[in-house]
Amino acid sequence: MSPRGVVRAALEKGLDLIGVCDHNSAENVLAVKRAAERHGLLVLGGMEVASSEEAHFLVFFDLDDDLLRFQELVYGHLSGTNDEKAFGQQVVADEDDGVTGFSDRLLIGASSLPAQTIIDAAHAGTGEGLVVAAHVDREAFSIIGQLGFIPEGLSLDAVEVSEHTTAEEARERFPDCRNYPVITGSDAHAPEDIGKRHTCFIMEDASVGEIKKALAGRDGRKAVC
Amino acid sequence: MKLKDLVREFGLEVKAGAGLLDRDVTGGYVSDLMSDVLAHAVDGNVWVTLHIHQNIVAVAAHKGLAGIILVQGRQPEKDTVAKAAEEGIPVMVSAFPAFELVGRLYKAGIRGA
């Protein structure tokens, strides 16, 4: 998926706001933000980081500097070199879909950072940070799939369910989901999947801070899915 | 020992790579963490796991593993079978849970790493 392709697909689906999360990397986020700006599409910059438990977490920041600092932390806890034949090319692009480089890190792997460390780091930025446990209804690479439950006290801001499950079903099937706000997302890995599922946020502006208020149902903000 | 010997001896169900069972097995590795397999499995090993998603094929191809055995009768996802065929990674299914299967593999002469 290229930055312009992502923006085009999101606009076609009528989305106002998208979150961009590459696996263990944020090197394409700023390009997508710039490509989106021209069209009035709002972008939350983030990363889908794999914890040492091999569970995926979506981490978003209001400030690009916080995101880039978080990326340094993840890169410092990621080992191995990519094998393009096995795992594909890891393109770094600019906002015009030009290829500016290739990442040679083993981004498919997991970091050695435990879930709570990731959450703490995401909440320790200069600006606001948001952590969502990804696709908790899936067996592979989700906190519930890997551990069987969500550890008590894990300070997640929300849990996300995939297109296969509704929020209501998730609360029924996985009682731990009742302790957190549940959102749905498309987990799009290809342009045609963008917008397959969405969550509607009622809020003042598109920021992590506002989303956190909406998830908590504070100050008249709401999240509906 | 070759993959086909394991298939015969333990009644494994071959889901992909049926034409590649002449491969020698250098040893075995059992793990359900991809990062652990990436770090510690060795070329020619047979990998025992409960994961059925297609990432297992990419990991096995990258590490040059002889094949993958899924435990407890777990069926690989459709994408996994397709990718395994494309990458030439035999995927087999055992009815045994991991502990039982690995014990039998060890008894048959397969060793760790």
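Q: Which residues of α3(B) are buried?
A: This is a predicted model. Helix α3(B) is mostly covered, with seven of its nine residues buried. Those buried residues are B:Ile56, B:Val57, B:Ala58, B:Val59, B:Ala60, B:His62 and B:Lys63.

Q: What covers the buried residues of α3(B)?
A: Part of the cover comes from chain B itself, including α2, β3, β4 and α4 (78-87). Chain A also takes part in covering them, through α4 (84-87).

Q: Which residue just after α3(B) takes a positive phi?
A: Look just past the end of α3(B). The phi there is about 65°. The residue is B:Gly64.

Q: How do the residues of the side of chain B that touches chain A divide into nonpolar, polar and charged?
A: The contact takes nine residues from chain B and nine residues from chain A. On the side of chain B, α2 (34-40) and α3 (55-63) each supply at least two residues. That side divides into five nonpolar, four polar and no charged.

Q: Where is B:Val46, and is it buried or exposed?
A: B:Val46 sits in strand β3 of chain B. Among the residues that B:Val46 touches are B:Leu6, B:Val25, B:Leu65, B:Ile69 and B:Ile110. A residue is buried if 20 or more other C-beta atoms lie within 10 Å of its own.

Q: How many Å apart in space are B:Val46 and B:Arg74?
A: In sequence, B:Val46 and B:Arg74 are 28 residues apart. In space, C-alpha to C-alpha, they are 17 Å apart.

Q: Why do the buried residues of α5(B) lie on the same side?
A: The buried residues of helix α5 (residues 98-107) of chain B are B:Leu101, B:Val102 and B:Leu105. They lie on the same side of α5(B) because they cover an arc around the axis of only 95°. An α-helix has 3.6 residues a turn, so residues three or four places apart point the same way.

Q: What do the buried residues of α5(B) pack against?
A: On the other side of α5(B), B:Phe99, B:Gly103, B:Tyr106 and B:Lys107 are exposed. Just after α5(B), B:Gly109 takes a positive phi of about 110°. The buried residues pack against β2 (27-30), β3 (45-49) and β4 (67-70) of chain B.

Q: Which strands and helix of chain A make a right-handed β-α-β unit?
A: Strand β1 (residues 17-23) of chain A runs parallel to β2(A), joined by seven bridges. Within this pair, A:Cys21 stands opposite A:Gly46. The right-handed unit is made by β1(A), helix α2 (residues 29-37) of chain A and β2(A).

Q: Which residues lie buried on each side of β3(A)?
A: Six of the six residues of β3(A) are buried, so the strand is largely enclosed by the rest of the structure. Five bridges join β3(A) to strand β6 (residues 129-133), which runs antiparallel to it. One side of β3(A) holds A:His56, A:Leu58 and A:Phe60; the other holds A:Phe57, A:Val59 and A:Phe61.

Q: Which residues touch the most other members of the largest nonpolar core?
A: In soluble globular proteins, nonpolar side chains tend to be buried together. The largest nonpolar core here has 96 residues. Those that touch the most other members are A:Phe57, A:Val59, A:Val132 and A:Ala133.

Q: Is A:Asn24 buried or exposed?
A: A:Asn24 lies in the loop between β1 and α2 of chain A. Its phi is near 60°, a positive value in a residue other than glycine. With 24 C-beta neighbours inside 10 Å, A:Asn24 counts as buried.

Note on methods: Residues are numbered from 1 along each chain as its sequence is written. Chains are lettered from A and ligands numbered from 1 in the order in which they are written. This is a predicted model: local features need pLDDT of at least 70, side-chain atom pairs count only at pLDDT 80 or more; totals for chains, interfaces and linings use all residues. Two residues are in contact if their C-beta atoms, placed from the backbone, lie within 7 Å. Helices (H or I, at least four residues) and strands (E, at least two) are DSSP runs, numbered from the N terminus. Ala, Val, Leu, Ile, Met, Phe, Trp, Tyr, Cys and Pro count as nonpolar, Asp, Glu, Lys and Arg as charged, and the others, Gly among them, as polar. Two strands pair if DSSP finds at least two bridges between them. A crossover is right-handed if, with the strands pointing away from the viewer, the path from the first strand over the helix to the second runs clockwise. A residue is buried if 20 or more other C-beta atoms lie within 10 Å of its own, exposed if 12 or fewer, and partly exposed in between; C-beta atoms are placed from the backbone. The arc is that of the directions from the helix axis to the C-beta atoms. A nonpolar core is a set of buried Ala, Val, Leu, Ile, Met, Phe, Trp, Tyr and Cys residues joined through C-beta atoms within 7 Å.
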